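Please look over the notes below with the model open. They take ring pairs, then a sheet, then a surface patch.

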Amino acid sequence: MEKYLVPLNPSPVTHKRLPSHGWKRSLIELNGRFEPKYRHHLSALLMQSYSEIGAFSHFYHVNGVPCQTHLNRIDSVANMDSPVPITRQGISALEFDTKGVYLVSVTKSGCLTVHDFESLYCHTNALLQCLKEDESKHVLHLSLNRQLDVVRWNLSNQDEVACTSMKKNEVLIFDIGYISSEPVEVLRTRRTVTVHGSEVHKGLTDIAFTTVDKSRLIASDTNGVINLWDRRMGVLPSIELTTNCRSTINSIQLNVENQLVFGAGRHGIIYMWDLRGGRASAAFQSHKEAQSAIVPKEVHSIDFDPSCPYQLAFHLDDGWSGVLDIYNFQVTHVHCPPPAWLNDSNISADLLYLRKPSWLPTYSVYVVGSSSANGIHLLDFYPDPSSPCHVDYSEEDVERHSGLGNQKQNKFVPLSEAVTACATHPINGTIIAGTKHSSLTVVSQRKQSISGGSHFIQK
């Protein structure tokens, strides 16, 4: 074959080689999955696509008459000029079930409502001219005539929801399959008596279910105790875990193996208990020894990242948020929003609310209600120094080492009302924000009409 080859004389002209730009999708085409860095790149585009697409006021009825949340909202509007505002209103907590079919919410006025998510989302379609949510689509709506501060789905039995109040020592469990205003079960804490014989008032602040046993439930209280129930053994706790100080624990979380329970609260300390041993294993303060002059801030909420289980997010009463790496007990991410006084916001009015953020199901994006403006922050808490919130973030290093460009930044989404709690859909990432005026605000990709205006697509 060599005799048929014609030698090619080298060209006297030297061509400059063009720079090669890597094809971003090449690895996806080869192995069929998103690489972490490419997923992080896409998260910036996703965050920019969110906006408010609908808001629904809690103007609902029970047996044909306005519910208590409805009445309190009317009173607050009527007394808007009064020096003493109406405080018993607002969404205090909300949560999706594991499949995203239903959304449950509770209000400060005492309403427990289970919404059909598909119906709620479809009513955000502006061309349907729907001004309010269709009450007939509610799975459950009860006015319990007591303050409600937390609600959770039973992870092992999605027919059950549990709610409680910081004013009561009871956990009310409802079965959404029964249309009844009475709970199917009521759990109570044990009485606490001081050395002087007086009874200590204990309310319950948060609830956690395990994923392995539908009969086990955990709740924190205002006296620094973690209560564990086995519902098969009775209505009183079978185990009580304590802290060194009798201070309110605002929020609790179980790790992915259901072996460790984390709690945080008023003194700015995060506690950890090993359920296999039942003792407090460690406690982490919100400052280090070198920063001992910094006053610890109250922790409103803690929550594990569903896409990175060693990232425990925390949110403080002054609006700061961050991430604690539970593998090395170091704070890896911090977000410091603008102070409330910049927007003439009265942050003292927020003391009645424990703000409850939520994670997007993927991308390590933390959704936080703003403490100083009407809206939510979408925070990039990606577990890598390329995150703009990472304590080791360097813009120069990111530009030098990333072939995808430096487009990563946090996003503020303005909303029509001030936010108290957030929940994110476990599949499509739609955000539902509960507000101080007891409304549900839907935040997602905005719809656009195409040919003829009879069909819709999302951006």
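1. The count comes to 8 aromatic pairs. The rule pairs rings of Phe, Tyr and Trp (its six-membered ring) whose centres lie within 6.5 Å; planes under 30 degrees apart are stacked, over 60 edge-to-face, and the rest tilted. Phe96 and Phe117 make an edge-to-face pair, with 5.4 Å centre to centre and 80 degrees between the planes. Phe96 belongs to strand β4 (residues 91–96) and Phe117 to helix α4 (residues 117–122), so this pair ties together parts 21 residues apart in sequence. Helices (H or I, at least four residues) and strands (E, at least two) are DSSP runs, numbered from the N terminus.

2. This is a predicted model: local features need pLDDT of at least 70, side-chain atom pairs count only at pLDDT 80 or more, and totals for chains, interfaces and linings use all residues. Residues are numbered from 1 along each chain as its sequence is written, and side-chain values use heavy atoms, with hydrogens and water left out.

3. Are Phe96 and Phe117 buried or exposed? Phe96 is buried, at 8% relative accessible area. Phe117 is buried too, at 7%. Buried means under 20% relative accessible area, exposed over 50%, partly exposed in between (1.4 Å probe, protein chains only). Ring pairs link Phe96, Phe117 and Tyr121 into a cluster.

4. Now the sheet. Its 4 strands form an open sheet in the order β1-β30-β29-β28, with antiparallel pairing. Strands β1 and β28 (419–424) are at the edges with a single partner strand each, so one side of each has no neighbour in the sheet. Strands count as paired if DSSP finds at least two bridges between them.

5. Strand β30 (residues 440–445) has 6 of its 6 residues buried, so the rest of the structure largely encloses it. To β1 (residues 50–56) it is joined by 6 bridges, antiparallel. Ala55 stands opposite Thr441 there. To β29 (residues 431–435) there are 4 bridges, also antiparallel. Ile432 partners Val442, and Gly434 faces Leu440. The β29–β30 hairpin has 4 residues between the strands, and Ser438 takes a positive phi near 70 degrees.

6. Last, the surface. Phe59, Leu71 and Ile74 form a nonpolar patch with about 240 Å² of accessible area together. Patches take residues with over 30% relative accessible area and no salt bridge, joining like charges within 9 Å and nonpolar side chains (Val, Leu, Ile, Met, Phe, Trp, Tyr) within 5 Å. A salt bridge puts a side-chain nitrogen of Lys or Arg within 4 Å of a carboxyl oxygen of Asp or Glu. Areas are Shrake-Rupley values with a 1.4 Å probe; for residues, only the protein chains shown count as cover. Ile74 sits in helix α3 (residues 68–78).
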